[in-house]
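The stops below are to be selected one after another.

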Amino acid sequence: MPSIEHELPLEFVRTQPRFAPDLLRAVFGVATPDAPAVLGSESFAETGPAELRCDATVLLGDPAAPELGIIVEAQTAYARRKTFSWPAYLSTLRARHECPVTLLVLCPDETTARRCGEPIAMGHPGWVLEPLAVWPGRIPPVTDRSEAREHPEVALFGALALLRTPADDARAREVIRCLPEAIDAVDRDLGAAYYDYVGSRFPAAAKKLLEETLKLDDYQWQSEFARNHRSEGRAEGRAEGRAEGQAQSVLAILATRGIAVPDWARERITAGTDGDELRRWVQRAVVVDGIDELFR
């Protein structure tokens, strides 16, 4: 089963395809078309050869005649095999849509990104593929609240750079002050998963800073998920409402991913009252391939 570290960055792309061209422009200066972004097929099956499947594909412009295709891969570690499959992804997508293509690789840290970004010599003179590998530290920090609401996935992914930033760093404080805006702007069905993903990877000092910032600013949440989250630790009578909200998040994520939920599973999810268990289900809902895996 894919890990949450692998799947959540991809969920940013699947939820908001503009995340991919936003990163290409902000980090690598790629002049992407100012056109609508939609998801394409991850499958590159052709007649005869075995199927190739990338993590995500984004098409800019008319899906029938796109101006640019972006292959998005999430790598938690360097894999030599990818140096052979990545060129195949790009050439197949280019032939299928007859448009330029770009490879964007999402990595958790600089070491992984540097390995994944190493040039791939194709053998033909002058034909070298240089993957565009990005890690949170390469993303310009989002310290403007309106920008965080406009590009929440960029703000959330970039915030992971705080894993190696001192908690008393002034810029870190500004980034954290923008996180509530980013989480608030995300659809409530994925808000819990996004929050848990970012929060679970923060060091203790950054988590404490986030909590202190929210208390100091007395942030007024707008989304239903966030309001439920903010109420944690208050009156016991509101615990049931929080559990219901988390259960609905699990069901919504499964529905979005096309995973069937039989009646017995729906009853078990909606009857859940253990906050820790419900949070685990929210995280697993993003990565499982079938309903049985949710409860393992």
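A residue counts as buried when its relative accessible area is under 20%. The model on display is a predicted one.

**First stop: Pro 33.** Please select Pro 33, which sits in the loop that runs between α2 (19-28) and β1 (37-39). Is this proline buried or exposed? Its relative accessibility is 16%, so Pro 33 counts as buried. Residues up to four places away in sequence aside, the contacts of Pro 33 are Arg 18, Leu 60, Glu 67 and Leu 68.

**Second stop: Pro 108.** The loop between β4 (101-106) and α4 (110-116) holds Pro 108. From its C-alpha to that of Ala 161, 53 residues apart along the chain, the separation is 9.1 Å. Beyond its neighbours within four places in sequence, Pro 108 touches Gln 75, Thr 76, Trp 135, Pro 136 and Arg 201.

Select residues 170-185, the 16 residues of α7. From first C-alpha to last, this helix reaches 24 Å, close to the expected 22 Å. Where does α7 have a kink? The kink, of about 25°, lies at Cys 178, shortly before Pro 180. Cys 178 and Pro 180 are both among the buried residues of α7, as are Glu 181 and Asp 184.

Now return to Leu 156: neighbours within four places in sequence excluded, its contacts are Phe 12, Leu 179, Ala 182, Ile 183, Val 186, Tyr 194 and Val 198.

**Last stop: the cysteines.** Select Cys 54, which is buried at a relative accessible area of 3%. Cys 107 is also buried, with a value of 1%. How many disulfides does the structure hold? There are 0. A disulfide requires two cysteine sulfur atoms within 2.5 Å. The cysteine sulfur closest to that of Cys 107 belongs to Cys 116 and is 4.1 Å away, too far for a bond.

Note on methods. Residues numbered from 1 in each chain as written. Predicted model: local features only at pLDDT ≥ 70, side-chain atom pairs only at ≥ 80, totals over all residues. Heavy atoms only, no water. Buried < 20%, exposed > 50% of the residue type's maximum accessible area, 1.4 Å probe, protein only. Helix = DSSP H or I, 4+ residues; strand = E, 2+ residues; numbered from the N terminus. Expected span 1.5 Å × (residues − 1). Bend = angle between axes of the 7 residues up to and from the residue. Contact = heavy atoms within 4.5 Å.
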